[in-house]
Amino acid sequence: MNANLAITTRQYDENGRIDTIKLNTKAEAYNKNKDIYVVYKEEEDGNKVTTTIKISDSEVSIKKFGTTNSNMVFKKNEKTETRYRTPQGLFIIEIDTKELKIDKKEENCIKLNIDYDIKIMDLFKGRNKIEVLVEIKE
């Protein structure tokens, strides 16, 4: 199924600075084993990356394939760890999900709100808030 995807990420660093990243793109959405998958392609630093968002009842994962590879898992009140492979090297990312809201009440519309602390080795520590809106077109 074709879908419109809107993602807003707000990143708060240790010094109180806020960085906002917005993405609006076309995506493909499908159901598999009670989960919803949303797949889209984007460019990061001139390189193509395919991203898959897997939406379960109580968990969301965001998996990237391409020149960067990672699998971030979000489960409320749980800490997870992922390896983030980039052309610059391998980074270990720790995620502590504070809030995860999955809203599938509206037909053909999915809303996600993810609020988590993030630590990338000794390089970065902060908090991210992600809002995702998936509008599925029949």
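## Salt bridges

Lys48 and Glu43 join their side chains in a salt bridge, with 3.5 Å from N to O, where a salt bridge is a side-chain nitrogen of Lys or Arg within 4 Å of a carboxyl oxygen of Asp or Glu. Both Lys48 and Glu43 are exposed, and in these terms exposed means over 50% relative accessible area, buried under 20%, and partly exposed in between, with a 1.4 Å probe and protein chains only. The model is a predicted one, in which local features need pLDDT of at least 70 and side-chain atom pairs count only at pLDDT 80 or more, while totals for chains, interfaces and linings use all residues. Residues are numbered from 1 along each chain as its sequence is written, and side-chain values use heavy atoms, with hydrogens and water left out.

A second salt bridge brings together the side chains of Asp57 and Lys104, at 3.4 Å from N to O. This pair links distant parts of the chain, 47 residues apart, since Asp57 lies in the loop between strand 4 and strand 5 and Lys104 in the loop between strand 8 (89-103) and strand 9. Asp57 counts as exposed at 63% relative accessibility, whereas Lys104, with a relative accessible area of 33%, is partly exposed. Asp96 also forms a salt bridge with Lys98, and their closest N and O atoms are 3.0 Å apart; here Asp96 is buried at 17% relative accessibility, while Lys98 is partly exposed at 34%. Asp96 and Lys98 belong with Asp117 to a network of salt bridges, and the whole structure holds 13 salt bridges.

## The sheet

Strands of a sheet pair through backbone hydrogen bonds, either parallel or antiparallel. In this model, 10 strands form an open sheet in the order 6-5-4-3-2-1-10-9-8-7, with antiparallel pairing; strands are DSSP runs (E, at least two residues) numbered from the N terminus, and two of them pair if DSSP finds at least two bridges between them. Strand 6 (70-74) and strand 7 (79-86) stand at the edges with a single partner strand each, so one side of each is left without a neighbour in the sheet.

Strand 1 and strand 2 pair in the antiparallel sense over 11 bridges, and one of the contacts sets Asn4 against its bridge partner Lys26 in strand 2. These two strands form a hairpin with four residues between them, and Gly16 in the turn has a positive phi of about 85°. Strand 2 also pairs with strand 3, over five bridges, with Ala29 opposite Val38 in strand 3; their hairpin has two residues between the strands, and Asn33 in the turn has a positive phi of about 50°. Strand 9 and strand 10 are antiparallel partners over 12 bridges, where Leu112 has Val132 in strand 10 as its bridge partner.

## The largest pocket

The largest pocket holds about 710 Å³ of space. A pocket is found on a 1 Å grid over the protein atoms alone, as an open set of points where a 1.4 Å probe fits, with protein on both sides within 12 Å along at least five of seven lines, and its lining residues have an atom within 4 Å of a point. The lining has 23 residues, of which Thr9, Ile21, Glu44, Lys64 and Tyr84 lie nearest the centre of the pocket. Strand 10 gives the largest share of this lining, four residues.

Note on methods: Points joined across faces, edges and corners; volume = space filled by probe spheres on them.
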